[in-house]
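Me: I would like a close look at a single part of this model, with the cut-offs stated.

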Number of protein chains: 2
Amino acid sequence: MEIFEGGVTSAKGFKASGVFAGLKKARKDMAMIVSECEAVAAGTYTTNKVKAAPVLWDMKLTGQGKARAVVVNSGNANACTGEQGLKDAEEMASYAAGLLSTEKELVLVASTGVIGVNLDMAKIKKGEELLVQSLSDDWKDAAQAILTTDTFAKTAACSVEIGGKTVTIGGMSKGSGMIHPNMATTLSFITTDAAISHDVLQSLLGKTVDDTYNMISVDGDTSTNDSVLVLANGMAGNAEIRKGSAEEAVFEEAFRYVLGTLARMIARDGEGATRFIEMTVKGARTKEDAKTLARSVVSSSLVKAAFFGSDANWGRILCAMGYSGADFDPDIVDLFFVSPKGSIEVLSGGQPVPFDEDKAKEILLETEVGAVADCHQGDGEASAWGCDLTYDYVKINGDYRS
Amino acid sequence: MEIFEGGVTSAKGFKASGVFAGLKKARKDMAMIVSECEAVAAGTYTTNKVKAAPVLWDMKLTGQGKARAVVVNSGNANACTGEQGLKDAEEMASYAAGLLSTEKELVLVASTGVIGVNLDMAKIKKGEELLVQSLSDDWKDAAQAILTTDTFAKTAACSVEIGGKTVTIGGMSKGSGMIHPNMATTLSFITTDAAISHDVLQSLLGKTVDDTYNMISVDGDTSTNDSVLVLANGMAGNAEIRKGSAEEAVFEEAFRYVLGTLARMIARDGEGATRFIEMTVKGARTKEDAKTLARSVVSSSLVKAAFFGSDANWGRILCAMGYSGADFDPDIVDLFFVSPKGSIEVLSGGQPVPFDEDKAKEILLETEVGAVADCHQGDGEASAWGCDLTYDYVKINGDYRS
């Protein structure tokens, strides 16, 4: 697998653009991705009962399994916007389809930003005109344009050899609040030139999202707009990837790299975050238990606040494992704090270990910190990713709309 | 029902004390409650898999259904403390039993504070000696001594007539972080002079806690030490309250008043809180659905941060209802913000209502704020209570141990 700097235009036959359409105050706020030819399309979406209008539109389209383009706006989520919201999502697809000389049923749409305000369709249409004029091989403008409170653009790309052909996967995501994906995530767009059937792609997407996006949490709030959309246009020229084949395994590894990298970038850029937190659970009864335990820890406000203060308050980690709902025996757990500065054991076989507070502080002052718990009950292992809870999180969210 | 200022010594035959034993830096840190005669004892406890040593001790005792005294310390939770922790909890009961000339199996113990550090038993024993010497009718010192990061003591009391006798119920609680009770809560101690059987008392406790303590959240973290303990010593002289009787209904109303008042005080005094939030859901399919929806809203970091900023960001409320797991139709919901300054509708039949931002701000600048959602799908109604998420929450929890 070759990893390189890239994004949604890295795979063959994709162009993209990002422009300022006036939905946000100053920054780029609309993006477009277009495939030269019709692509297989797959998607996973929020499990929130309140689904934004673009999510409902896209669910229908990826159910049919094909698409040619994606149009995205930030600054407004088009969620909780009633009948008008549904009409606006469809018109957003339909107007872009006209400009691209394709059908509206091949245009996916996505929105992110404030909830409960109708889209300004005049600005959206003007933005779409600019987007079509600006389409190019550049992937950076699009990655910028989908951001909300993010502090950096999130992209990843890699290539693998499949049947003698180079298959490339690239993607981009946005964070950075209302992040607690469940069967889906915040907005994420993946493009690949692989030839792959809809069924295989959709099934790969589901299981990969479960291990990547569904293992991050910024604030415990599952958004109304979470979507991961994938377009696979087949332009790499490989023979179609079949279920259970060696080719599928190669593709899956690359796919997992791109989604995992993007997911961790979202956690790293959590609203107000000063620290990236990785919680690893080993020796759980099952992988599912390990996931539940790890995810509970990175979701705990108290754990997150302790990491903000570089405080080796390990009791909160054990407490969060305890209320996770997963089965484990707290009396035999080992627990370590880890960072690039080293590791320190704080609990051994369920008994507190006296530890050097200065050493612990040194480890926890790093910007990439974490903990490893060994449950000694089986082979289940998983990691979850999050960030610390800071004054700035409160500041950003105390007055998000203004 | 007569409501008055009181606490754990308001019911006949109970004495209490609160002293400084050196577990905290300066404030009172140990409390004791003693009944003149053996009392019926009931308890509900944390559902966290990680249960503190005193919780395990008390579960055994309230299972047997009787007790004479409770000893509490703050400053140290005696949780995640291994075998030594269990021994210490038992010794804490046993030493107090000796001083009170009773059996250790009649002495409940409770601890709150930092997790993962063994109790200083010399200080605990010295504290118990002071506690026994200081026993009196005063309920205030005990209420002070159980606090951790709380900013005020939480007590409530009332009396009702049952069979011509005056039955009194009093109680005290502590907050104010790691609050997300599940079938139980943070430490809470209720005393009554009612004559009531263990079965009736335990069953009343379970259902009342479900509507009161289990409907508050400060930070989504279910503690390792949550306990509600009730002692009923029968000294009111009423005929024993029977299941399903009119007397039980009268007692239940008073019991519900005390537990509900204490629970709301905990929410009001949430760590760093500047606002008390009440979320009411009406018209849900069932009461359970209403509870799930309301509780999800007061637990949302984004909703809490918006209330901190007096920001009428109602989309976050609908979003939190959406991911609660309860069934409802977002397209027919009405939503209002409310406070002593009035109410304002922001969503009607699932459609956003243009509203006066100045009026909304005026409503949300109050210290007691809330929202009411009407789901129009049935008779289910419930309220949940919480507080805003503030800079001070992060500050308090960023360095709790020092």
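Which residue in β16(B) does T280(B) stand opposite?

Reply: T280(B) stands opposite S383(B) in β16(B). Residues are numbered from 1 along each chain as its sequence is written, with chains lettered from A and ligands numbered from 1 in the order in which they are written. The model is predicted, and local features need pLDDT of at least 70, side-chain atom pairs count only at pLDDT 80 or more, and totals for chains, interfaces and linings use all residues.

The two strands concerned are β11 (residues 276–284) and β16 (residues 380–387) of chain B, which pair in the antiparallel sense over 7 bridges. Strands here are DSSP runs of E of at least two residues, helices are runs of H or I of at least four, and both are numbered from the N terminus. Pairing requires that DSSP finds at least two bridges between two strands.

Both strands belong to an open sheet of 7 strands in chain B, with mixed pairing and the order β9-β16-β11-β15-β12-β13-β14. At its edges stand β9 (216–217) and β14 (351–352) of chain B, each with a single partner strand, so one side of each is left without a neighbour in the sheet.

Helix α10 (residues 357–364) of chain B lies across β12 (334–339), β13 (342–348) and β15 (368–374) of chain B. Its direction is about 55 degrees to β12(B), where axes are lines fitted to C-alpha atoms, for helices over the stretch in contact, and angles run from 0 to 180 degrees between N-to-C directions. Contact means that the C-beta atoms of two residues, placed from the backbone, lie within 7 Å.
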